[in-house]
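Have the viewer open and follow along.

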Amino acid sequence: MSGKKREISRRDFIKTAGAGGLGATLIPLSALRLSHASASATVPQERIVPTRPFGKTGVNVPMLSLGGVLRRSDQILFKMAYQMGVTYWDTADSYGWGKNELAIGKYFEKYPDHRKNVFLVTKAATSDPKKLTEKLNASLEKMNTSYVDMYFIHYVSDVENELTDEVKAWVEKAKAKGKIQLFGFSAHKNMETSMLAAAKLGWIDGIMMSYNYRLMAGNEMKKAVDACVKAGIGLTAMKTQAAFSANFYAAIGSETDDALGMTKNFLKKGYTAEQAKLKAVWENPNIASICSAMPNLTILQANVDAALDKKKLSEGDKQRLERYAQRTAPGYCAGCADICEAGVDSDLPISDILRASMYANSYKDRRKASRLFSRLPTDVKENILKADFTMAEKKCPQGLRIGRIVKNACEDLA
């Protein structure tokens with residue numbers, strides 16, 4: 001990779017870290033200048049993102065997937081992603097209140113011949129077969145397509161109760177009608193448990209789960225990935241930047257010196273810390289693709305550059321990421337909700353609250369954070385301020401100050 005080597009100041013780092021959860025760095029790289037290129041520019045074949053097998057489905061997908069909430073005005077981004085081979089597009093009926101699907105539909109209206117080359121995925125947060133039918137049909141209409149390549153149930157955390165025999169029958173019918181080609185789910189919490197359970201079902205084609213340099217080294221995650229590989233399930237990694245689930249400084253204090261040192265070391269080698277985190281995930285050949293939110297051309301070009309770079313992370317690079325993960329663990333929720341939630345008397349969805357905090361403080365998306373928090377029942381919100389989180393904090397493998405973070409989120413987002 002030929003990224004420009006330069007020193008980065010503490011102020012530059014803090015600005016970059018604030019946007020790190022969105023994808024790769026906001027620092028322009030020298031290898032590509034697509035942010036200034038015409039949408040009609042021809043991308044050389046060597047600049048096309050490689051593909052990987054998606055489990056045992058017989059389908060190959062780009063190792064980088066276009067995610068996030070894009071608007072109708074972002075058509076040039078869709079076009080450049082398409083030209084660079086980023087043709088795995090991930091969306092959901094809820095993204096941007098449906099505006100993301102409408103943006104994709106606008107693109108296919110203008111470029112209908114491109115549809116057959118795009119691996120299109122959308123999601124719906126329901127296990128009710130009737131609602132799945134309604135939501136799928138609505139999504140197809142908005143995206144100007146008669147089918148999706150893969151359909152997900154969004155945010156699954158209890159496979160036994162959510163992926164029922166009724167859902168299986170619905171999947172078989174939807175496939176027979178040609179409305180979906182593959183089926184699976186996304187998992188934001190209890191990922192390992194959900195993946196292990198799905199591997200036993202025999203009818204799950206794909207899973208998108210939180211997977212990053214913090215989580216991938218865990219024994220349970222390794223077992224879950226191995227089980228899915230044996231079952232032929234295609235795996236897509238998300239949340240690869242491992243953004244903090246709570247306000248970083250309020251949760252664990254300042255750790256900018258560690259992060260700054262790591263960033264400097266990576267920059268000397270020609271790539272950013274954000275790109276290094278992507279490369280760490282891609283080093284596992286069983287991860288078919290990384291789904292990354294890429295809201296602008298600069299982030300798109302940086303992520304593509306990382307995907308094209310053949311250089312492996314050194315052992316020193318991996319150790320730096322591991323040390324950083326260990327030192328900053330108390331600021332990151334690993335999604336193991338079945339552990340911490342068993343440590344409170346009240347039935348509190350701790351992981352869901354921390355997820356809302358992550359969107360508010362790490363992604364700076366207060367609208368989504370407030371929307372996620374507003375879904376909590378009134379009695380749950382009331383119990384948050386009264387609950388004793390002592391045992392939950394003792395059980396937390398990450399050492400999160402759960403009580404403080406959850407109560408701060410409640411006060412901040414209510």
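Start with H188, which counts as buried at 11% relative accessibility (buried means under 20% relative accessible area, exposed over 50%, partly exposed in between, with a 1.4 Å probe and protein chains only). Before going on, a word on the source: this is a predicted model, so local features need pLDDT of at least 70 and side-chain atom pairs count only at pLDDT 80 or more, while totals for chains, interfaces and linings use all residues. Residues are numbered from 1 along each chain as its sequence is written, and side-chain values use heavy atoms, with hydrogens and water left out.

H188 sits in the loop between β7 and α7 (191-201); helices (H or I, at least four residues) and strands (E, at least two) are DSSP runs numbered from the N terminus. What does H188 touch, leaving aside its neighbours within four places in sequence? The contacts (heavy atoms within 4.5 Å) are H154, Y155, S210, M238, K239, G335 and R355. With R355, the side chain of H188 also makes a polar contact of 3.5 Å. That term covers a pair of N or O atoms within 3.5 Å; within protein, one must be able to donate a hydrogen and the other to accept it, and residues adjacent in sequence count only if both atoms are side-chain atoms.

Now zoom out. Eight strands form a closed barrel, in the order β3-β4-β5-β6-β7-β8-β9-β10, with parallel pairing (two strands pair if DSSP finds at least two bridges between them). From one strand to the next, the twist averages 25 degrees, where axes are lines fitted to C-alpha atoms, for helices over the stretch in contact, and angles run from 0 to 180 degrees between N-to-C directions.

Pick out β5 (residues 119-124), which four bridges join to the parallel strand β6 (residues 148-153). Here V121 stands opposite M150, and K123 opposite F152. On the β4 side, three bridges do the joining, again in parallel, and D90 faces V121. Why is β5 largely enclosed by the rest of the structure? Because six of its six residues are buried: F119, V121 and K123 cover one side, and L120, T122 and A124 the other.
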